[in-house]
Amino acid sequence: MVNAGDMNGSGNLMDFLDEPFPDVGTYEDFHTIDWLREKSRDTDRHRKITSKSKESIWEFIKSLLDAWSGWVVMLLIGLLAGTLAGVIDLAVDWMTDLKEGVCLSAFWYSHEQCCWTSNETTFDDRDKCPQWQKWSELLVSQSEGASAYILNYFLYIMWALCFAFLAVSLVRVFAPYACGSGIPEIKTILSGFIIRGYLGKWTLLIKTVTLVLVVSSGLSLGKEGPLVHVACCCGNFFSSLFSKYSKNEGKRREVLSAAAAAGVSVAFGAPIGGVLFSLEEVSYYFPLKTLWRSFFAALVAAFTLRSINPFGNSRLVLFYVEYHTPWYMAELFPFILLGVFGGLWGTLFIRCNIAWCRRRKTTRLGKYPVLEVIVITAITAIIAYPNPYTRRSTSELISELFNDCGALESSQLCDYINDPNMTRPVDDIPDRPAGPGVYSAMWQLALALVFKIVITIFTFGMKIPSGLFIPSMAVGAMAGRMVGIGVEQLAYHHHDWIIFRNWCRPGADCVTPGLYAMVGAAACLGGVTRMTVSLVVIMFELTGGLEYIVPLMAAAVTSKWVADAFGKEGIYEAHIHLNGYPFLDVKDEFTHRTLATDVMRPRRGEAPLSVLTQDSMTVEDVETLIKETDYNGFPVVVSKDSERLIGFAQRRELILAIKNARQRQDGVVSNSIVYFTEDPPEVPPNSPHPLKLRRILNLSPFTVTDHTPMETVVDIFRKLGLRQCLVTRSGRLLGIITKKDVLRHMAQMANQDPESIMFN
């Protein structure tokens, strides 16, 4: 250590910051990362590893391990995400069936698995077997009659309430961040915001367990969005094991982008759709390297899920379909109509749901999350049970709506009147008149559609894990199936009309109602989320219906156009704005003609900018400035008079640097001079030891002039991911623009209250 007497000898002066110290470069909670700084730190780290690798074999091996660590992380994410998704699927199947009955031969079997193992199941009664008993059969030995129905009804509601109560209690007590879909927060985190604990181990564990409970309870929600959150938690956990990712927030976000792709891959069995979803919908920064790694993570996750085979059909896809009829050009008209319906439903849902969530945040309703979940679950279970289409799980409902009516189908939707003289092959059944079963199914579907539309508005956003993909698809699939049956009957009864004459001859199989359900599902999902490319790819991967891409594309584009006519925001962007997260959407356009000088602070009449000088402030002055302000950093100038800009110092790093200097460096006291230059300033003899902090100074902060158009400034913030930008004129510091200033200004220009959108 240097004594106070010879501190002026700059040769002996020790800059303790030549050695890195803990926590420099990390960020505080609810702060935004500096993308440029993270990028340059990673480049420095890579350069150091490359130069060291030439020194010895061991260093060369270490450099190879560093290069491969990214692929290892992707492999681990894929394996864990695939395993968790498989376990969730199996548990949901069992617990959903548990509400209606139990398997006597093995209580852990679902209804379907129980009857697979039975030797006494007939084809006509494939859902009935002696081993599977409803609760009424088990408790009062009755399967039919009013008392059996009431007992089953009562136990169905009780199980639903039990699952929902357990889920909301676990979320409240152990992991408050495990609620909701997770995608709005993932988008915000990937844009550079820090939310500590959101991707933690507790959140991963509780979200996985409660996701099974809430989906099994029969609430109108899906597991697909929360599975993206679960996969990102896996990504965060594995990236913390490798210093390359744990010490660099920018690199960590590359891993999280790939994890989001793996999440969609296992949610839908759609690996390519997952990669496109991450690229189109979630990610903020998506370099080519991340694209390859996302592809690999999605592949491993899909392979793992396929190995577990939770659907028991040896297929990866959730709703495999096999249609035997091509689609015809005249059908594009009803497909586009379904697209219009999807866009209108998306707009209605977003507006109503955001209004309800805002009410929840601003009134006493938000203080009783457990009561809200219990009430919504009770209403859902009471209304859902009498209708067979709402009683079953939403995934089963969609699967039935997508199905084509073959000769072996026992569904009510396939209750057509058969021609006794029909001698066609089984796969090519001609269009037939609808029987009484189809008409009663249409009524039940219409009631189920109204119920789903209303209840989903109140369910999404409660304090439980809740996805939106499956409920949106269910709404579209029900509307689509009804339109499909309508077109089919129209073609059968009026095949001589000019629109049907060319392609629908009597006795031909021309219209496939299941295809309309598929198109309707895509339209409604697109209307709510505003996805296009990834949506179409997910839909054809989900169903295996490759030749129906054009109808899906037509519906997806139409629904986006219609929904965009009423507002540009999808549901995730709307929730980001509702919560006030500092998210600059790349899709938004800024068209106002304002300048940097209109937005920068300080404004006229405000106190001057808090700055540090390069060599005239003491440790006590710096500590006082830090204590009296809450800014994230301070510009460093030559002097208060000249205000020539030198660089920018982060608040957190100043605090850590001074704290470490006091502990590790002799002679640093409150009246020690702090300097940011290469050489120490001239100080009188017997003065205390000066403190050099040049190492933490950013010598190339991003600057714009005061006449830079705000359109350009907004673009810079979006594309470079800046935290702040300094405003200068001829090298003199005038002010500062932060990301929050940009968001406030954009809100002001859109006639919104600028303070109401800021995250608290």
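Met-74, Tyr-245, Lys-251, Glu-254, Val-255, Ala-258, Lys-289, Thr-290 and Arg-293 line the largest cavity. A cavity is a set of points on a 1 Å grid over the protein atoms alone where a 1.4 Å probe fits but cannot get out, and lining residues have an atom within 4 Å of a point. The model is predicted: local features need pLDDT of at least 70, side-chain atom pairs count only at pLDDT 80 or more, and totals for chains, interfaces and linings use all residues. Residues are numbered from 1 along each chain as its sequence is written, and side-chain values use heavy atoms, without hydrogens and water.

The largest cavity holds about 40 Å³ of space, a volume being the space filled by probe spheres set on grid points that are joined across faces, edges and corners. Two helices, H10 (249–268) and H12 (288–308), each supply at least two residues of its lining; H10 gives the most, with four residues. Helices here are DSSP runs of H or I with at least four residues, strands are runs of E with at least two, and both are numbered from the N terminus.

The chain is given domain 1 (80–308), domain 2 (334–403 + 410–417 + 428–578) and domain 3 (596–750). The centres of domain 2 and domain 3, taken over C-alpha atoms, are separated by 54 Å.

The unreviewed UniProt entry places the annotation "domain: CBS" on residues 600–664 and 697–755; such annotations may be inferred rather than shown by experiment. Residues 600–664 are 37% helix and 23% strand, with end C-alpha atoms 39 Å apart. Residues 697–755 are 37% helix and 31% strand, with end C-alpha atoms 31 Å apart.

Note on methods. On a 1 Å grid over the protein atoms alone, a cavity is a set of points where a 1.4 Å probe fits but cannot get out, and a pocket is an open set with protein on both sides within 12 Å along at least five of seven lines; lining residues have an atom within 4 Å of a point. Domain bounds come from an automatic or database domain assignment.
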